[in-house]
Amino acid sequence: MGQPARKPLSLEAYLRLEEKSPIRHHLVEGTLWAMAGAGRAHNQILTRLLLKLGPKALEEGCEAFAVDRRLKVSEDTVFYPDLMVVCGPSPSLYEEAPCLLVEILSESTEDLDRGKKLWHYLRLPSLRAYLLVDSRRVSLEAYLREGDKWTYLRLGPGESLPLPCPTLELTVDHLYRGVNLEEG
């Protein structure tokens, strides 16, 4: 006989649980998913992104958040993106309208980042760009919105990407400068 179906966790119950929990969780369609730890390469790439995007975001009246800020994408799904840029007011417990989302891929996160996160993120009306940056090899993937159409790009060494929000040129070489990809 199968297991009885577990009742999905509500947003309110999730927020209460997260407030007291020593580890962070995504809420994915009503189910808790514990978050994986990040390696050195992941943190190096994240730092480079934040140092590049943060000042430009502030200059444009926006805010860049790294790692610990929640993003509510639906009533039963909340993620902690590696990095997001938000322009405009938002609730105190989470963000809802980012213009840019970035996930740094690793062995333990890639399926979620390319699966459920991609599906939910590309439905956000405010989102203009979703970036997937690999922590194991030099590779930047971008989903860019123009009107209501998404364009997919894959970039490598020597290439750059004009971002719509914040408005700047992001070079692949800058993201990976000095990063030891062997260390994940």
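Residues are numbered from 1 along each chain as its sequence is written, and side-chain values rest on heavy atoms, without hydrogens and water. Because the model is predicted, local features need pLDDT of at least 70 and side-chain atom pairs count only at pLDDT 80 or more, while totals for chains, interfaces and linings use all residues.

**Confidence.** The protein chain has an average pLDDT (the predictor's confidence in each residue, from 0 to 100) of 88, and 92% of the residues score at least 70.

**Strand β7.** Strands are DSSP runs of E with at least two residues, numbered from the N terminus. In strand β7 (residues 98-105), eight of the eight residues are buried, that is, under 20% relative accessible area; exposed means over 50% and partly exposed lies in between (1.4 Å probe, protein chains only). Two strands pair if DSSP finds at least two bridges between them. β7 runs antiparallel to strand β6 (residues 83-86), with four bridges, and methionine 84 has leucine 101 of β7 as its bridge partner. Strand β8 (residues 129-134) runs parallel to β7 and is joined to it by six bridges; here glutamate 103 stands opposite leucine 132 in β8.

**Arginine 70.** This residue lies in the loop between β3 (63-66) and β4 (71-74). Arginine 70 counts as buried because its relative accessible area is 15%. Its side chain forms a polar contact of 3.1 Å with the side chain of tyrosine 80 and reaches the backbone oxygen of leucine 93 at 3.1 Å. A polar contact is a pair of N or O atoms within 3.5 Å; within protein, one must be able to donate a hydrogen and the other to accept it, and residues adjacent in sequence count only if both atoms are side-chain atoms. Beyond four places in sequence, arginine 70 touches residues including Tyr14, Glu18, Met84 and Glu95.

**Aromatic pairs.** The whole structure contains four aromatic pairs. Rings of Phe, Tyr and Trp (its six-membered ring) pair if their centres lie within 6.5 Å; planes under 30 degrees apart are stacked, over 60 edge-to-face and the rest tilted.

| Pair | Centre to centre | Angle between planes | Type |
|---|---|---|---|
| Tyrosine 121 and tyrosine 130 | 5.0 Å | 90 degrees | edge-to-face |
| Tyrosine 143 and tyrosine 152 | 5.1 Å | 55 degrees | tilted |

Tyrosine 121 and tyrosine 130 are both buried. Tyrosine 143 is buried at 16% relative accessible area, whereas tyrosine 152 is partly exposed at 37%.

Technical notes: Contact = heavy atoms within 4.5 Å.
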